[in-house]
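These are my notebook entries on one structure. I record what I looked up and in what terms.

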Amino acid sequence: MAMIPWRPLWDTRFPSLSDEMDKMFEEFFEKVRFPSPEERSWVLPLDVYETKKEVIVTVDVPGVDPKKVAISIIDDSLTIKGEREKDPDLKDEELCRAERKFGMFQRIIQIPAEVSADTAKASYTNGVLKIVMPKTEKNAPKEVKVDIL
């Protein structure tokens, strides 16, 4: 007959807090998979601001050929996607440090107001993409005067 070591009732019925925390972290990290640096997508830094008549989005896309960028507006979403290609003259053997992202990118953002997609315009200057979307007439601010009785 095998001998079982004696443990106080408290240890057998109520596991220690550190054991519970260890178990919780193990379960969490088994379910969550963190992507490798190669799998991470390139996130475009952007600003969205609104005037009385327009919604304006500026996006930093240095080194991206403007012909390789596609912009679409569907309902209340703006989608920007494209690709930044690696310099074909560089070889991996020559690379000492690589911090710039290359490859496909996509960013979808919610537009804060209803805009007229047909009259939206985009420009590209010095690596900054600027998208100007005029608001629809029904979103234009209207001043209503109320008389106090």
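**Entry 1: a salt bridge across the chain**

I began with lysine 135, which counts as buried because its relative accessibility is 14%; buried means under 20% relative accessible area, exposed over 50% and partly exposed in between, with a 1.4 Å probe and protein chains only. I note that this is a predicted model, in which local features need pLDDT of at least 70 and side-chain atom pairs count only at pLDDT 80 or more, while totals for chains, interfaces and linings use all residues. Residues are numbered from 1 along each chain as its sequence is written, and side-chain values use heavy atoms, with hydrogens and water left out.

I then looked for the partner of lysine 135. Glutamate 50 forms a salt bridge with lysine 135, and the closest N and O atoms are 2.6 Å apart; the term requires a side-chain nitrogen of Lys or Arg within 4 Å of a carboxyl oxygen of Asp or Glu. The pair links distant parts of the chain, with glutamate 50 in strand 1 (residues 46-50) and lysine 135 in the segment after strand 7 (128-134), 85 residues apart. Helices (H or I, at least four residues) and strands (E, at least two) are DSSP runs, numbered from the N terminus. Glutamate 50 counts as partly exposed, because its relative accessibility is 42%.

**Entry 2: the other salt bridge**

How many salt bridges does the structure hold? I find two. Lysine 68 forms a salt bridge with glutamate 85, where the closest N and O atoms are 2.7 Å apart. This pair also links distant parts of the chain: lysine 68 lies in the loop between strand 2 (54-60) and strand 3, glutamate 85 in the loop between strand 4 and strand 5, 17 residues apart. Lysine 68 has a relative accessible area of 36% and is therefore partly exposed. Glutamate 85, at 44%, is partly exposed.

**Entry 3: elements and the open sheet**

I listed the secondary structure next. The protein has two helices and seven strands, and from the N terminus on its elements run α-α-β-β-β-β-β-β-β.

Three of the strands form an open sheet in the order 3-4-5, with antiparallel pairing. Strand 3 (69-74) and strand 5 (103-110) stand at the edges with a single partner strand each, so one side of each has no neighbour in the sheet. From one strand to the next the twist averages 10°; axes are lines fitted to C-alpha atoms, for helices over the stretch in contact, and angles run from 0 to 180 degrees between N-to-C directions.

I checked the pairing of strand 4 (residues 77-84) with strand 5 and found eight bridges in the antiparallel sense; two strands pair if DSSP finds at least two bridges between them. Arginine 84 has glycine 103 in strand 5 as its bridge partner.

**Entry 4: the partners of strand 7**

Strand 2 and strand 7 run antiparallel and are joined by seven bridges. Glutamate 54 stands opposite proline 134 in strand 7. Strand 6 pairs with strand 7 over five bridges, again in the antiparallel sense. Lysine 121 has valine 132 in strand 7 as its bridge partner.

Strand 6 and strand 7 form a hairpin with two residues between them, and asparagine 126 in the turn has a positive phi of about 50°. Asparagine 126 is exposed, because its relative accessible area is 77%.

I found a positive phi at aspartate 75 as well, near 55°, in a residue other than glycine. Aspartate 75 lies in the loop between strand 3 and strand 4 and counts as exposed, with 74% relative accessibility.

**Entry 5: the nonpolar core**

Which residues have the most contacts inside the largest nonpolar core? They are Val59, Leu78, Ile80 and Met133, in a core of 18 residues. Such a core is a set of buried Ala, Val, Leu, Ile, Met, Phe, Trp, Tyr and Cys residues joined through side-chain atoms within 4.5 Å. Strand 2, strand 4, strand 5 and strand 7 each supply at least two of its residues.

I also listed the contacts (heavy atoms within 4.5 Å) of isoleucine 80. Leaving aside neighbours within four places in sequence, isoleucine 80 touches residues including Leu44, Val59, Phe105 and Ile131.

Of the 149 residues of the protein, 19% count as buried.
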